[in-house]
Amino acid sequence: MPTPVHPQEVPAHRSQQPSTQAEQASTDADGVAAIEVQGLKVGYGEQVVQRDLDFAVRRGSVFVIMGGSGCGKSTVMRALVGLAPPMAGCVRHRGQSLWDAEPSARETMLQRIGVMYQNGALWSSMTLAENVALPIEQFTDLGAREIRELAQLKLALVGLAGFEDHYPAEISGGMNKRAGVARAMALDPDVMFLDEPSAGLDPVSSRRLDELLLALRDALGMTLVVISHELASIFAIADDSVFLDAQTHTMLTTGDPRELREHGGDARVRYFLTRGEGG
Ligand SMILES: Nc1ncnc2c1ncn2[C@@H]1O[C@H](COP(=O)(O)OP(=O)(O)O)[C@@H](O)[C@H]1O
Ligand SMILES: [Mg+2]
C-alpha cells in the first residue's frame with residue numbers, strides 16, 4: 001500500500017524538532033500557529049460559559065482542552081470548528097480569522113478541519129467504508145471507485161483494513177472510535193478535533209486510540225485538538241493544553257500538562273492533574 005501522506009500534510013518544521021520543551025514556541029517556524037484564540041467568549045443566550053480565553057495550538061502538535069464536566073470544553077470547540085459563533089473574541093486558523101471571513105472563505109477553511117464529536121456515533125445502517133465515504137461524496141467530485149479507494153485508505157490508516165464492509169454493530173467500541181477517526185480524516189484535514197474520543201472505552205482500547213492519535217501526529221504531521229478529562233490519556237498524548245475552570249468561567253492556565261502537574265502555579269489545576277477529579 002502506498003504511504004498515504006499528502007505533501008501539504010507534512011510541515012517542513014517536523015524535520016527539525018526542538019530538542020527541549022523550552023525551545024518550543026507557541027507558533028511555528030513561519031510564526032503562524034495552527035490555531036490562535038484571543039479574547040474568546042462563548043456561551044448560550046445570556047449565559048457566558050467561558051470568557052477571556054487566549055491560547056495557541058502549534059502545528060503538528062497534540063493540544064488538549066481539559067477541565068471538569070460542564071466547564072465548557074465542547075462549547076469552546078464549537079467556536080473553534082465553525083459551528084457556533086463566539087460572543088466575542090477571535091479564532092484564527094493559520095492566521096486567518098474564522099468568524100470574520102466571508103461565508104465562502106469560511107467554508108473553504110472548514111474543509112481543512114476534521115471533527116469527531118462527543119458521542120458522535122457512526123451511521124449504524126452504513127458500513128464502515130460507507131461512513132467514511134460520506135463526507136468525500138458530499139465535498140468532492142470524485143467518482144465512486146476513487147471514493148471507495150480513499151475510504152479504504154483511511155480505514156487502513158486507523159488499523160481497520162479488511163473491515164470496510166462491516167457494520168458498526170459488528171465491531172468493538174474501540175474499532176468504532178477508530179472508524180470515527182477515519183471518517184474525521186476523510187477530507188485530509190490539517191487539523192482534527194476530537195471531543196472525548198476515549199469516553200466509554202476500556203483502558204486497553206483507550207490506550208490504543210491514544211497511540212493512533214500520536215501516530216497520526218508523527219506520521220502525517222497532523223495537528224490534533226483533543227478534549228479530554230482522562231488523566232492517563234492527557235499525559236500520554238498532550239504536547240500542550242489549556243485548563244478551563246467551571247467556577248470562574250475562564251482558563252486557569254495553559255502548558256504541557258506534565259509540567260503543570262509538577263510545577264504548575266495554580267493549585268486547582270494541580271489538584272485536577274493529580275487526582276483526576278471532574279469529568
Ligand atoms: N445547547 C445548549 N444550550 C444551553 N446551554 C448549554 C448547551 N450546551 C451546553 N450548555 C451548558 O453550557 C455549559 C458547558 O457545557 P459543555 O460545553 O457541554 O461542557 P463540557 O463539554 O466541558 O462538559 C454547561 O453548563 C451546559 O449545561
Ligand atoms: Mg463536552
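In this predicted model, strands E9 and E10 pair in the antiparallel sense over 4 bridges. One such pairing sets Val242 against Thr254 of E10. The two strands form a hairpin with 4 residues between them. His249 sits in that turn and has a positive phi of about 60°. The loop that holds His249 runs between strand E9 (240-245) and strand E10 (250-254). His249 counts as partly exposed because it has 18 C-beta neighbours inside 10 Å, where 20 or more would be needed for a buried residue.

Thr250 belongs to strand E10. Thr250 also counts as partly exposed, because 17 C-beta neighbours fall inside 10 Å. Leaving aside neighbours within four places in sequence, Thr250 is in contact with Gln50, Arg51, Asp52, Leu53 and Asp245. Thr250 and Arg51 are 199 residues apart in sequence, yet their C-alpha atoms are 5.2 Å apart in space.

Phi of Asp52 is near 55°, a positive value in a residue other than glycine. Asp52 is partly exposed, because 15 other C-beta atoms lie within 10 Å. Strand E2 pairs in turn with strand E1 (residues 35-44), in the antiparallel sense and over 7 bridges. Within this pair, Val37 stands opposite Phe55 of E2. E1 and E2 also form a hairpin, with 2 residues between the strands. Gly45 in this hairpin takes a positive phi near 60°.

The ligand shell was examined next. Ligand 1 is surrounded by Tyr44, Val49, Gly67, Ser69, Gly70, Cys71, Gly72, Lys73, Ser74 and Thr75. These residues divide into 3 nonpolar, 6 polar and 1 charged. Helix H1 (residues 73-80) gives the most to the shell, with 3 residues.

The buried residues are Gly174, Met175, Asn176, Lys177, Arg178, Ala179, Gly180, Val181, Ala182, Arg183 and Ala184. What covers them includes strand E6 (113-116), H3, H4, strand E7 (191-195) and helix H6 (203-220). The length of H5 agrees with expectation, because at 1.5 Å a residue its 12 residues should span 16 Å and its end C-alpha atoms are 17 Å apart.

The buried residues of H3 are Leu128, Ala129, Asn131, Val132 and Ala133.

Helix H2 (residues 103-110) holds Glu107. Glu107 counts as exposed, because 12 C-beta neighbours lie inside 10 Å and 12 or fewer is the limit for that class. Glu107 and Gly82 are 25 residues apart in sequence. Their C-alpha atoms are 8.9 Å apart in space.

Over the whole chain, the secondary structure comes to 9 helices and 10 strands. Of the 279 residues, 39% count as buried. Among contacts between residues at least 6 apart in sequence, 66% join residues at least 24 apart.

The mean pLDDT of the chain is 88, and 88% of its residues reach 70 or more. Over residues 1-26, however, the pLDDT is below 50. This stretch has 27 contacts in the model beyond near neighbours in sequence. Where pLDDT is low, the predicted coordinates should not be read in detail.

Conventions: Residues are numbered from 1 along each chain as its sequence is written. Chains are lettered from A and ligands numbered from 1 in the order in which they are written. This is a predicted model: local features need pLDDT of at least 70, side-chain atom pairs count only at pLDDT 80 or more; totals for chains, interfaces and linings use all residues. A residue is near a molecule or strand if its C-beta atom, placed from the backbone, lies within 6 Å of it. Ala, Val, Leu, Ile, Met, Phe, Trp, Tyr, Cys and Pro count as nonpolar, Asp, Glu, Lys and Arg as charged, and the others, Gly among them, as polar. Two residues are in contact if their C-beta atoms, placed from the backbone, lie within 7 Å. pLDDT is the predictor's confidence in each residue, from 0 to 100. Two strands pair if DSSP finds at least two bridges between them. The expected span of a helix is 1.5 Å times one less than its number of residues.
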